[in-house]
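Please look at the sequence and the model shown here before reading on.

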Amino acid sequence: MVDGVELRHLRYFRAVAQELHFGRAAARLHIAQPALTQQIQRLETLLGTRLFDRTSRTVALTPAGTVLLERATALLGHAERDLAEVIRIGEGSQGTLYLGFVPSVLPLEPLRGVRTFRDRFPLVEVDLVEGFTSHLMERLANGGLDLAIVRDPDDLPGIVTTPLITEPFVAILPADHPDADRASITGARLVTNPMVFFPRVAGNRAYDKNLSPLLESGHRPRIVQEATNWTILLYLVAAGLGVTIAPRSATFTAPESVRIIPLAGTAAVTTIYTAHREGDDRPLVRNLLDLLPNQPRGR
């Protein structure tokens, strides 16, 4: 744009060009007519050309003014749209939110909160990233994610975690297992069986908490097979390759050929948390956090 020409000059010009009357244009703009006349003269000086042919009775556009009316209308339209977009981004109602999650939260409330968020902020693109808790926390710390929904995360400098949902662990046995019809089972009884489980790399705290009902018996489980998600683990149990212990929500899609049995003699629970970078108060992040369930207790 020519030096000195401002959006207000274009707005003033457009009003006069549309009204072809300085008095009506001034009233429309809520400014005094002499001030409007002065601003139009200033614009003509900056552009080095006349925009209006004026007489005592008429105002008409010059050829340059006709072209400028078309261009000014487009420029002002683009500016209004662009500034509205900036405002929406500042309010967190537009942009892209990179959200990590562990698969076992899928049946629970947090991701239903994401649907509510999408309904409320349709111009925000939510990019979902699935992974282990440990990997999601690393990506969050490195700036690869804006927010994560994780299970029993390890403490990480610069990352704030807030508890959302706490749930119990349950035992998963093949349907033909001798203990499959029990009303409950202890960790001491379960630990005598070969076990399938996820690897420790998924997260130290999550790994230890998940095994705690077994470790409380004073024995370590014999893990014969590892897998990267609960769906695979449940089907390995169904195939008779071992037993496992899982958060209750991880069993919602279990095949009919396994049995889900409450654990007895343990107070062990698992907790789902939100995690975000310390000091990250962007509306984009805060708007989603405000829609997620929250339990007011820390770690």
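Predicted model: local features only at pLDDT ≥ 70, side-chain atom pairs only at ≥ 80, totals over all residues.

Residues are numbered from 1 along each chain as its sequence is written, and side-chain values use heavy atoms, with hydrogens and water left out. Helices (H or I, at least four residues) and strands (E, at least two) are DSSP runs, numbered from the N terminus.

**Helices α1 and α3**

- The axes of helix α1 (residues 7-19) and helix α3 (residues 33-47) come within 10 Å and cross at roughly 110°, where axes are lines fitted to C-alpha atoms, for helices over the stretch in contact, and angles run from 0 to 180 degrees between N-to-C directions.
- α1 and α3 are therefore roughly perpendicular to each other (angles under 35 degrees count as roughly parallel, over 145 as roughly antiparallel, 65 to 115 as roughly perpendicular and the rest as oblique).
- The crossing of α1 and α3 is left-handed, a word used if the near helix is turned anticlockwise from the far one by less than a right angle, with right-handed used if clockwise.
- On the α1 side, the contact (heavy atoms within 4.5 Å) is made by Arg-8, His-9, Tyr-12, Phe-13 and Val-16, and these meet Leu-36, Gln-39, Ile-40, Arg-42, Leu-43 and Leu-46 of α3.
- Sorted by class, the contact of α1 with α3 has 7 nonpolar, 2 polar and 2 charged residues; here Ala, Val, Leu, Ile, Met, Phe, Trp, Tyr, Cys and Pro count as nonpolar, Asp, Glu, Lys and Arg as charged, and the others, Gly among them, as polar.

**Helix α2 and its neighbours**

- Helix α2 (residues 22-29) packs with α3 at an angle of about 105°, with the two axes 9 Å apart, and that makes α2 roughly perpendicular to α3.
- In this contact, Phe-22, Gly-23, Ala-25, Ala-26 and Leu-29 of α2 meet Gln-33, Leu-36, Thr-37 and Ile-40 of α3, and the residues divide into 6 nonpolar, 3 polar and no charged.
- The axes of α1 and α2 come within 8 Å and cross at roughly 130°, which makes α1 oblique to α2, and the crossing is right-handed.
- Within α2, the residues Phe-22, Ala-25 and Ala-26 are buried (under 20% relative accessible area, with exposed meaning over 50% and partly exposed in between, for a 1.4 Å probe and protein chains only).
- The buried residues of α2 pack against α1, α3, β1 (52-54) and β2 (59-61).
- After α2 comes His-30, whose phi is positive, near 60°.

- In helix α9 (residues 230-238), the buried residues are Trp-230, Leu-233, Leu-234, Leu-236 and Val-237, and they fall within an arc of 160° seen down the axis, so they line one face of the helix.
- What covers the buried residues of α9 includes β6 (159-174), β8 (194-197) and α8 (204-215), as well as β9 (222-226), β10 (244-247) and β11 (258-264).
- Asn-287 lies in helix α10 (residues 283-289) and counts as buried at 15% relative accessibility.
- Asn-287 and Arg-42 are 245 residues apart in sequence and 45 Å apart in space, C-alpha to C-alpha.

Note on methods
Arc of directions from axis to C-beta.
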